[in-house]
Amino acid sequence: MSAPDQNQPVELKLTAQINLYYDVIAPPSRPAPLLIALHGYGASKWHAMREAKMIAPEGFALASLQGLHQHLREPKEKGGPLRFGFGWLTNYRPEESAAIHHRALIEMIEALTLEGLIDSKQIFLLGFSQSCALNYRFAFTHSNILRGVIGICGGLPGDWETSELYQPTRAAVFHLAGARDEYYPPARVDHYAEQLRQRANEVEFKSYDAGHEISPAMRDDIREWLASKSGV
């Protein structure tokens, strides 16, 4: 056996702690159904909470978690201050980011349950764009936590057909797609309903005259879907 090349670097790792932030709007009566809204790439928990407030039926508790990867964004106007945005993962060791996403959701749900704010049997998880596939990973890995999962203009996990982690879930699934979505066009998402039904009994898929966005018609349909699944 040849000796290791002393000129080649050896990759090691450190374990560091980071803070993840989330916003909560308490319900008028408790415990209540919970809608957790997650933003897309480059946005923040503020954007997700804005959507949750427009979407959720009356009587829901609301929560929005912020992505763990921060980055700079260009100013809105020339000479203005740099902005910031957040993402959930990159293609560098994505499994580590997915694990943090899972742990954050579980800890947040446990904390809100212990406070008596939410009904642990009525938890709904919504994701737009990048957070969509991550939420599906969560829903089908932790298959007994959610009552429903909503994916908007996003994808399925890349290892959907091969991973042994994903299990059948009791959660209902509602996937919404934009017919003019440049990132997830119809040719890419047409088989999603069939694929999701491999592991979920309640699957609804609907396409809208929309681009890569959350349209008013989508909000109306999600609100109606949440009301029907939660019984509020």
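This is a predicted model: local features need pLDDT of at least 70, side-chain atom pairs count only at pLDDT 80 or more; totals for chains, interfaces and linings use all residues.
Local features were taken at pLDDT of at least 70 and side-chain atom pairs at pLDDT 80 or more, while totals for chains, interfaces and linings use all residues. Residues are numbered from 1 along each chain as its sequence is written, and side-chain values use heavy atoms, with hydrogens and water left out.

Seven strands form an open, mixed sheet in the order β1-β3-β2-β6-β7-β8-β9. Strands (E, at least two residues) and helices (H or I, at least four) are DSSP runs, numbered from the N terminus. Two strands pair if DSSP finds at least two bridges between them. β1 (22–25) and β9 (203–208) stand at the edges; each has a single partner strand, so one side of each lacks a neighbour in the sheet. Neighbouring strands are turned by 15° against each other on average, direction ignored. β2 (residues 32–38) and β3 (residues 61–65) run parallel and are joined by five bridges. Leu34 stands opposite Ala61 in β3.

Helix α1 (residues 45–55) packs on the sheet and touches β1, β2, β3 and β6 (118–128). Contact means heavy atoms within 4.5 Å. The direction of α1 makes about 155° with that of β3. Axes are lines fitted to C-alpha atoms, for helices over the stretch in contact, and angles run from 0 to 180 degrees between N-to-C directions. α1 also packs with helix α6 (residues 216–230), at an angle of about 65° and with the axes 9 Å apart. The two helices are therefore roughly perpendicular (65 to 115 degrees). Glu51, Met54 and Ile55 in α1 meet Arg219, Ile222, Arg223 and Leu226 in α6.

The largest nonpolar core has 39 residues. Such a core is a set of buried Ala, Val, Leu, Ile, Met, Phe, Trp, Tyr and Cys residues joined through side-chain atoms within 4.5 Å. Buried means under 20% relative accessible area, exposed over 50% and partly exposed in between (1.4 Å probe, protein chains only). Ile36 and Phe140 have the most contacts inside this core. A second, separate core of 25 residues includes Phe60, Phe124, Phe128 and Met218.

A cis peptide bond joins Arg30 and Pro31, with omega about -5°. Pro31 is found in the loop between β1 and β2. Arg93 has a positive phi, near 45°. Arg93 is partly exposed, at 34% relative accessible area. Phi of Cys153 is also positive, near 50°. Cys153 lies in the loop between β7 and β8 and is buried, at 1% relative accessibility.

Notes
Angles under 35 degrees count as roughly parallel, over 145 as roughly antiparallel, 65 to 115 as roughly perpendicular and the rest as oblique.
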